[in-house]
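Trainee: Could you walk me through this one while I have it open? I would like to start with the overall fold and then look at the charged side chains.

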Amino acid sequence: MAKGKKNVRKRGNPDFHTSSFYVRKTVNHQFNMALLVMALEGHQYDRSDVLEALMEQWAASPCPIA
């Protein structure tokens, strides 16, 4: 997605809701690095799309987290 166009399809769309979460700095750094590696390999992902996919997958089959 081009700079300045981030979340244009989501902002103002009633099907989407903003959320904030607290995560450890190390996890956030690892997540950012994984997105960077994917981008360097030619795969662009929006952070919220990745998080939504993970949340959807877990919600479909919730299990305790150790």
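Trainee: How many helices and strands does the secondary structure of the chain come to?

Mentor: The chain has two helices and zero strands, where helices (H or I, at least four residues) and strands (E, at least two) are DSSP runs numbered from the N terminus. Please keep in mind that this is a predicted model, in which local features need pLDDT of at least 70 and side-chain atom pairs count only at pLDDT 80 or more, while totals for chains, interfaces and linings use all residues. Residues are numbered from 1 along each chain as its sequence is written, and side-chain values use heavy atoms, with hydrogens and water left out.

Trainee: And at what angle do the axes of H1 and H2 cross?

Mentor: The two axes cross at roughly 110 degrees and come within 11 Å, the axes being lines fitted to C-alpha atoms, for helices over the stretch in contact, with angles that run from 0 to 180 degrees between N-to-C directions. That makes H1 roughly perpendicular to H2, a label for angles of 65 to 115 degrees, whereas under 35 counts as roughly parallel, over 145 as roughly antiparallel and the rest as oblique.

Trainee: Changing topic, how many salt bridges does the structure hold?

Mentor: There are three salt bridges, each being a side-chain nitrogen of Lys or Arg within 4 Å of a carboxyl oxygen of Asp or Glu. Arg9, Lys10, Asp46 and Asp49 are linked by them in a network.

Trainee: Which side chain does arginine 9 meet in a salt bridge?

Mentor: Arginine 9 pairs with aspartate 49, at 3.2 Å from N to O. Arginine 9 lies in the segment before helix H1 (25–40) and aspartate 49 in helix H2 (residues 47–60), so this pair ties together parts that are 40 residues apart in sequence.

Trainee: What about lysine 10, which aspartate does it form a salt bridge with at 3.2 Å?

Mentor: That one is aspartate 46, with 3.2 Å between the closest N and O atoms. The pair links distant parts of the chain, 36 residues apart, since lysine 10 is in the segment before H1 and aspartate 46 in the loop between H1 and H2. Lysine 10 also meets aspartate 49 in a salt bridge, at 2.6 Å from N to O. Aspartate 49 lies in helix H2 and lysine 10 in the segment before H1, so that pair ties together parts 39 residues apart in sequence.

Trainee: Are lysine 10 and aspartate 46 buried or exposed?

Mentor: Both are buried: lysine 10 has a relative accessible area of 9%, and aspartate 46 has 10% relative accessibility. For context, 6% of the 66 residues of the chain count as buried.

Trainee: With which serine does the side chain of lysine 10 make a polar contact?

Mentor: The partner is serine 48, whose side chain is 2.5 Å from that of lysine 10, and the side chain of aspartate 46 makes a polar contact with the side chain of serine 48 as well, at 2.3 Å. A polar contact is a pair of N or O atoms within 3.5 Å; within protein, one must be able to donate a hydrogen and the other to accept it, and residues adjacent in sequence count only if both atoms are side-chain atoms.

Definitions and conventions:
Buried < 20%, exposed > 50% of the residue type's maximum accessible area, 1.4 Å probe, protein only.
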